[in-house]
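Welcome to the tour! Open your viewer, get the selection tool ready, and follow along one stop at a time.

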Amino acid sequence: MNAPHENSRLSLVFTPEHLGEALSLYARNPGAILYAGGTALLSKQSERLPIFGAPLISLKRVEELKTIRRYENFIEFGAAVTLGDILRCKESRFLPPVFKTAVRAVGTPAVRNTATIGGHLAVTERKLLLLPILLILDAAVEVKSQTTTRSGEIKRFLDEKNGFILQANEIITKIRIPTGRFNLWGFSALPGSVIRSQDFFMSCFVARKNRFLIEKINFAFNIDGRLVIRIKQSEDRLIGKKFPLSAAEIREEMRFFTSKIEGELIAPSPYKKERIINAFRLILTQDLTKSGLIE
Amino acid sequence: MNIDSGDYPYYVSDIRREEMLYACFLRSHITEGRIQSVKIPQLPKNVSVFSAKDFGKKNFITVNNLKIPLLADKEIRYRGEPILLITAPSSETLKSVCESVEIEYKEKEMLESIFSDLNGKTVIYKTSCSQSAAGEQEDEEAPEVISSFNTPVQEHFYPDSQGVFIEYGPSSKLKVIVSSEWPKHVKQTVMNITELPSEKVFVMLAKSSPTFDGKIWQPSILAAVASFAAINLKKSIKLVLSKKEDILYSGKRAPALFFIDACIGDSMKLHFLNFSFTYYCGAYFPFAKEMIETTAFGAKYFYNARSIKIRGEACVSNTPPTDFFSGISLPQFFFAAEMFINRLAKQKEVSPLELRLANINHAFFRSINYEKKDIFPILLAELNNRCDFTRKHAAYEHMRKRGGTSFPGSVIRGIGLSTAFQANGLNMHRGRFNQSVRMSLTPENIVKVNVSSIPNSKRTRQIWKESVSEILNLPIRNVTISYSFSDETASNGPTLLSGNISTINRLIKLCAEEIRSKAQTHGREQTITVEKVSSDLLSRNKKKFLYTSVTCAAAVAEISLRFLTMELIIDKITVILDCGYINNEAVARQKIETAVIQSILWVTRDESYQNLINESLFYYPGIDRLPEIEIIFRSSENGFEKGIGEIAYSLIPAALLTAVGQAVNKDLKEIPIENEKIFNLGEVDK
Amino acid sequence: MIIRFTLNNEEKTVDVPATKRVIDLLREDFDLLRNKVSCYQGACGSCSILLDNCIVSSCSILAFELKGRTVVTAEGFMKTEEYQRINHIFQKNQYDPCDFCRWGKIFAIHEFIHSEEHIDSDSLTRALKGNQCNCSSPTLLLSVAEQIVKAEKKINTGRKHERTARK
C-alpha cells in the first residue's frame, strides 16, 4: 500500500494504485475527499496552496478506473478516464455522436485532459454538461464500496433535483454508454455569443425513428449548470407519433409540457423557464430527418 | 542568486532574490467608517508591520497636486483601502499574519448605490459653460427629448497584476522595478518618501501585458510603500497585488450619469443641446479636472447647435479610486451623446445617419484635419455602403413599429450607428507634461535613442527603429532604444487627450532628421546628440501643436435576438477610421480589434464591485465567442500617425445598445445589458 | 512529499507539499518562468504545459499527480524543431502574442496537430478557445494556426509514408 503523503499545512494525500486499496482507504477515512481530475475541487480554491480540510484520495492511478472497453451494445469507461482520453480512444468512433459532441463542448482542451467522466457525474454543486446526455442515452453506472456493488441506469442514482447520490464510502467505478440505440440526435449548448456563461443553457435529445414514427425519444435540459430537467411523461406522449407534428399536436404537447414545468419546476426565473419551454418547442418543430446541432 | 525570466525587461512576478521580503496590504473590510483599534499579535521573526503612524508625515503621494494617503490612518473611505503593510520572508507567512491581525471598525451606514444620493455627494471639480451661435438669442423652446444615461465602472482584462520590486543595494541605493506608464512620477515619489537623492534611486521598467493600462499613479503608491519598507528594513521587497486585489481595488473607469436634452428644428438642425453630467470618481481621483474638461470639450465641439450648455462635475464616492482609462472620459461622453442622437432620430423618425450629417460640427473637424476635408460625410458614406445601414435600419424600424414578430422560431435584428473622435495634442501647448527623445549617433554609426515614454508593444519599438534606420540609412541592428527617467528627462506624465506614442514617433523622426542634417554639414567624426521635447512640436508662437491629430471614426453594430434560445448574438461590428498614416496595418488592426472586444465586455458584463467578487474574475471571451469584426482604415501616405487605440471604447457601446434597443423596441439607457435583462424587458413579442 | 517525474526530458526528483500547484512548483522549485500564472482557476491558459503530451492548466494540477509522468514546459518545447517551425510562421505573419498567452496558444496548436480532428475553422476555434487574452488579433490567430496545422500535418503524413515505405 502506498504510504500517505503529508501536506505541511494539513491533510494527507493517498495515491492508491488499485481499486481495493482505494475502497479500503475510503472506508477507513469516511471524511476523505475523492480526487479524480480535481477541476471542480480546485475551481473553488482561491489559495495558492489549496486547503482541503480533509485527506485526499487520488483516483488517478487506480488501474481499474482507467480502462476503456467496448462491448456489443455499450462502451464502458472507468470513472477516472479523462474526457480528452474519451475523445482520443479508438473506441470513440462507436460512441453516440451526441455524447461526443457534448464532450467536445465541455470546457477547453486543457480542462478535458484533466476532468474525468466519473468526477463530472459526482460533482454535487453543479450539474455539468454531460449529465443530461448520459440520462437521455440511458447510460448506466457502477458504484462500489468496500462491501457493496450497485449498478443500474444513472437515473436511479439521482435525487429529485437530479443530483447524483452516493452512499457512504461509495466510489463511481464505471460508466456504461449504450451504443446503437438511437438514430437521431440534437444538441445545443449556450451561450453562443460573448455574453457571459451565467446564461449557460443546454438542451439535447435522442430519438429512434422507424420510418415516420417515433419509437423512443428522450430529451433533457440543463440550466445554469444547477438544474437538470427531464419530463418523462412528455417523452412518453411522443412515442408513436409521426414527425413532423401538426400545429395542433405541437400546441397540445406544449400545453402539457408547460403545465409540468409550471407545476413541478423550481425555475430560477421567468426568463429561464421560458428558455426551457422554447427549447422544447424547438425539439418539437424539428422534422427529425437529420441529426446535429439544434439551431 | 538572481532569478528572472532571463531577458530584461522582466515581469515583477518573476523576480526572486535571496533574502528578499514579500509584502502585502491588509485592507479594510468596511466601505466607510473609522478604525477603532488594530491588534497585531506577536510577530514571527523577520516579519514587520507598518501602519500610517510609521509613515508619519510622509503617508501620502502627490498626484497632480492632490495628496493621496498611502495607508488609512483613522478614516476609511472605501472598501479595500490599505490599512497596514506587512512584510515577511514568504508569502505563506504573510497570509497567516494577515489572518491573525484584528481590526475593529465603526462603520457608517451605506447607500444602495452611488447614484442614489445625488444631493449628498462631495464635488471635487465643476465646470459649466454655454455657447450660442453668433447673433442667436437663446431659445425659450422646451426640450423635445430629455434622456439620462448611465455607464458603470470598467476594467480592462489583463493577465498580470500590478507590482513592484525594490532592490536594496549597497549605500542604500534602490533599484525600483515597476510596470508604470509614469516612471518619472515613480522616481519622484520614491525620492520623496525615502529622502534619497536622485542618483540613489534608479527606476527600471518591468514588463507588463500589452493591455495593462489605466493604472497611471497606482504603481507610484506601490513603489512608495515598498521603498519605505526597504529603507527601514534594509532588504529588498517584492509587493505584487493578487489578481483579486488588482481587479477589485485598482483604478477603474469612473462611472457616469448624463442628462441630455435637446430641441430640433424642421431641417433636422439642433436648436439647443444641453449636457449635464456627473462622474463618480471613487475615493480619490487626481485628474478630475482633466476628465471633466475632456467631456466638456467633446460636448462643445462634436455637435453643432444654436446653443449648447454644459454643466459637469466630478465627485468622490466611497468606492476604490478611479483612474485614467483609454479615452479618458470620452467613452462615457460618447455613449451618452450617441445614444441620445439615436433616440432623437427615432423620435423624429429620421435617419440617424442623416441626423448626424446635419449636426456634426464639420467646420471644427475640417479645421484640424490636415486634408481640410469634411471627414464624417466620407466615413459615413463608406460605412453605409459596406453595411447597407440605411436599408437595414429602415427595415428593422419597420419591424419594430409593427410590434416584433408573432411566430416562434424567429429572429429579430437590430442595427446601431455611432460616431466619435480621439485626439492628441489639442491642449499640448498648455501641457505641464512633455515627452522627450534624446538621440546620439556615434562615429561608429551606432544610434542610441533614449525616450521618455514606454511603448506598449515590441512592434512599436520596432517601428521606431525602422524609422531611424530609414532616415539615417543605417541597418536596424545599429539602433538601440532605451528609456530614461533621469532628472534631465522631461516628465512623461499623462497628457490631456493622450497620444504619447504618436508624439514620440514624431519626435524620433525630428531627431533623426536633425542628426542627418548635422552629419551632412559637420561630418561624423564626433558623436552627434540631439534632444527634442514636445514643445518643439509647437508653432513659432507656441500657441499651436503642429501635430495635433484627431482620429474620426464611425461604427455599426448588428445584432440578432434569437427567441427560441432567448439569447443576444452580436453578429457583426464594423468600424471605419480616418487614421492618417499607418506604420503597420496588422498591428493597427489588432489594437482596434482588442479594443472592440473590451468594449463589448463593458456593454455586456456587470463589472460592479459586488459582481466582480462573486463571479469569475477572469472572464475574457474565448475565440469561439467573438463576433465578426470588420475594420476599414481610411489612411493616407501623406499624413502622419494618429491615435487609434482608444476610439473603439467611444464607438462600440452606443452602437451596440442602440441595436439592442431597436430589436426589443425599448429606449435603453444604461449598460451592462445581459440576456435576462433583454428578454425581461417586456416589450418583446414572441 | 518526494516526487519523481520527467521534466523537459530530464529525470527530476523534488520534495514539495503534495498539494502544491504544479505551476508554482515549476516556477519556484525549477525556476522555469516562461509559463506564467494568472487566474489560478484553469480558465486563462497562461499556465499551460504538456503533461504526457497533453495540454493541461498547470495551476489545476497538484504536485502529487506528477509522479511518474512527463512534463514539458515552454523551456523544453522551445528546443524542439516543431517549435522552430511554429515560431517561424508566427514571425512570417507578424503574429506576436504576449508572454501570458503565447504558450497556451502554442500548446493548443501542438495538441491539435497531433489529434485526428479535421482542420476547419470550427475545430480550430474549439482547440484555441482556452486562451483568454486580448493582446493580439483573434482573426490572425486562427489564420496562423491553420497555416501551422496544415504544414505540420503534411510533415507528419510525409514521415508516416517514409516509415511505411521502409517497412
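How many of the 15 residues of H10(A) are buried? Keep in mind that this is a predicted model, and select residues 270-284 of chain A to show helix H10. Here 11 of the 15 residues are buried, so the helix is largely enclosed by the rest of the structure. Colour some of the buried ones, including Tyr271(A), Arg275(A), Phe280(A) and Leu284(A). From its first C-alpha to its last, H10 of chain A reaches 21 Å, close to the 21 Å expected at 1.5 Å a residue.

Next, go to chain B. Select Val176(B), Leu273(B), Phe275(B), Leu577(B) and Ile652(B): of the 158 residues in the largest nonpolar core, these touch the most other members. Colour domain 1 (12-108 + 169-243) and domain 2 (362-426 + 548-679) of chain B; both give residues to the core, so it lies between them.

Zoom in on Val176(B). Leaving aside neighbours within four places in sequence, its contacts include Phe165(B), Val190(B), Phe202(B), Met204(B) and Ala223(B). For a second, separate core, select Val81(A), Leu95(A), Leu131(A) and Val143(A), which are among its 43 residues.

Last stop: chain C. Trace its six helices and five strands, which follow the pattern β-β-α-β-β-β-α-α-α-α-α along the sequence. Of the 167 residues in chain C, 60% are buried.

How values were computed. Residues are numbered from 1 along each chain as its sequence is written. Chains are lettered from A and ligands numbered from 1 in the order in which they are written. This is a predicted model: local features need pLDDT of at least 70, side-chain atom pairs count only at pLDDT 80 or more; totals for chains, interfaces and linings use all residues. Side-chain values use heavy atoms; hydrogens and water are left out. Helices (H or I, at least four residues) and strands (E, at least two) are DSSP runs, numbered from the N terminus. The expected span of a helix is 1.5 Å times one less than its number of residues. Buried means under 20% relative accessible area, exposed over 50%, partly exposed in between (1.4 Å probe, protein chains only). A nonpolar core is a set of buried Ala, Val, Leu, Ile, Met, Phe, Trp, Tyr and Cys residues joined through side-chain atoms within 4.5 Å. Domain bounds come from an automatic or database domain assignment. Contact means heavy atoms within 4.5 Å.
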